[in-house]
Amino acid sequence: CDVVRTGELRMISTVRDVRVELAAALAATLTTYDFLPAAPIPPFAVVMWPTDVEFSRTLGGHSTFTIPVSVFVSLSDIKYGQEQLDTYISGIPAVLEAHTTAVWRNIIVESANNFRPETLGEMSCLAADLNLTLIA
């Protein structure tokens with residue numbers, strides 16, 4: 001969707017644009033989905049739907065998105081799974097904050113929480129959420 005403001009044309013990023021770009025930004029780090037996969041193989045991440053979208057919240061008319069990214073690792077080897085999740089949770093913020101795109105102006109990884117065991121089919125996983133704030 002395009003909007004005309006003071007004679008300039010600017011793209012407004014949609015929720016879909018943001019989720020697809022987040023998945024692309026993480027693709028070099030681990031398999032990442034912008035949808036809920038039917039039968040994923042860990043390790044992987046899922047860009048979830050926003051928990052909040054505030055439209056035109058900045059002076060420039062940009063929207064603010066609050067989006068969790070869930071990271072999953074296998075618990076077939078418990079110690080290795082925990083170490084792998086530690087590595088992803090520690091490394092993903094730098095990957096996202098270094099990513100440049102026209103989809104958002106700024107991204108901040110605010111926190112990691114909701115560390116939990118998950119069962120996917122017959123597979124045991126360890127998961128955590130990274131909570132992102134983007135200005136688009």
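The protein chain has a mean pLDDT of 88, and 88% of its residues reach 70 or more. The score pLDDT is the predictor's confidence in each residue, from 0 to 100. This is a predicted model, in which local features need pLDDT of at least 70, side-chain atom pairs count only at pLDDT 80 or more, and totals for chains, interfaces and linings use all residues. Residues are numbered from 1 along each chain as its sequence is written, and side-chain values use heavy atoms, with hydrogens and water left out.

The lowest mean is 38, in strand β1 (residues 2-5), and the highest is 97, in β4. Over residues 1-10 the pLDDT is below 50. This stretch still has 18 contacts in the model beyond near neighbours in sequence. A contact means heavy atoms within 4.5 Å. Where pLDDT is low, the predicted coordinates should not be read in detail.

Now take the overall plan. The protein chain holds two helices and eight strands. Read from the N terminus, the order is β-β-α-β-β-β-β-α-β-β. Helices (H or I, at least four residues) and strands (E, at least two) are DSSP runs, numbered from the N terminus. Of the 136 residues in the protein chain, 42% are buried. Buried means under 20% relative accessible area, exposed means over 50%, and partly exposed lies in between (1.4 Å probe, protein chains only). Among contacts between residues at least 6 apart in sequence, 57% join residues at least 24 apart.

Next, follow the strands. Strand β7 (residues 106-120) and β8 run antiparallel, joined by twelve bridges. Two strands pair if DSSP finds at least two bridges between them. β7 and β8 form a hairpin, with two residues between them. Gly121 sits in the turn and has a positive phi of about 65°. Thr119 has Ser124 in β8 as its bridge partner. Asn106 stands opposite Ile135 in β8.

β8 has another partner. Eleven bridges join β6 to β8, and these two also run antiparallel. Here Thr64 stands opposite Ile135 in β8.

Asn131 gives a view from within β8 (residues 123-135). Asn131 has a relative accessible area of 19%, so it counts as buried. Leaving out residues up to four places away in sequence, Asn131 touches Ile67, Pro68, Ile108, Val109, Glu110, Ser111, Ala112 and Asn113.

Ser74 belongs to strand β6 (residues 64-74). Its relative accessible area is 19%, so Ser74 is buried. A polar atom of the Ser74 side chain lies 3.1 Å from the backbone nitrogen of Ser76. Ser74 also touches Pro42, Gly81, Gln84, Ser124 and Cys125, again leaving out residues up to four places away in sequence.

What about the aromatic rings? A pair of aromatic rings is described by the distance of the centres and the angle of the planes. Rings of Phe, Tyr and Trp (its six-membered ring) pair if their centres lie within 6.5 Å; planes under 30 degrees apart count as stacked, over 60 as edge-to-face and the rest as tilted. The structure holds three aromatic pairs. One of them joins Tyr33 and Phe35, with ring centres 5.4 Å apart and planes at 70°, so the pair is edge-to-face. Tyr33 counts as buried because its relative accessibility is 18%. Phe35 has a relative accessible area of 45%, so it is partly exposed.

Why is the pair of Phe44 and Phe72 stacked? Their ring centres are 4.7 Å apart and their planes are at 10°, so the pair counts as stacked. Phe44 lies in strand β4 (residues 44-47) and Phe72 in strand β6, so this pair ties together parts that are 28 residues apart in sequence. Both Phe44 and Phe72 are buried. Ring pairs link Tyr33, Phe35, Phe44 and Phe72 into a cluster.

One more ring deserves a look. Arg19 lies over the face of Trp49, at 4.3 Å from the ring centre. A charge sits over a ring if NZ of Lys or CZ of Arg is within 6 Å of the ring centre and within 35 degrees of the ring normal.

Note on methods
A polar contact is a pair of N or O atoms within 3.5 Å; within protein, one must be able to donate a hydrogen and the other to accept it, and residues adjacent in sequence count only if both atoms are side-chain atoms.
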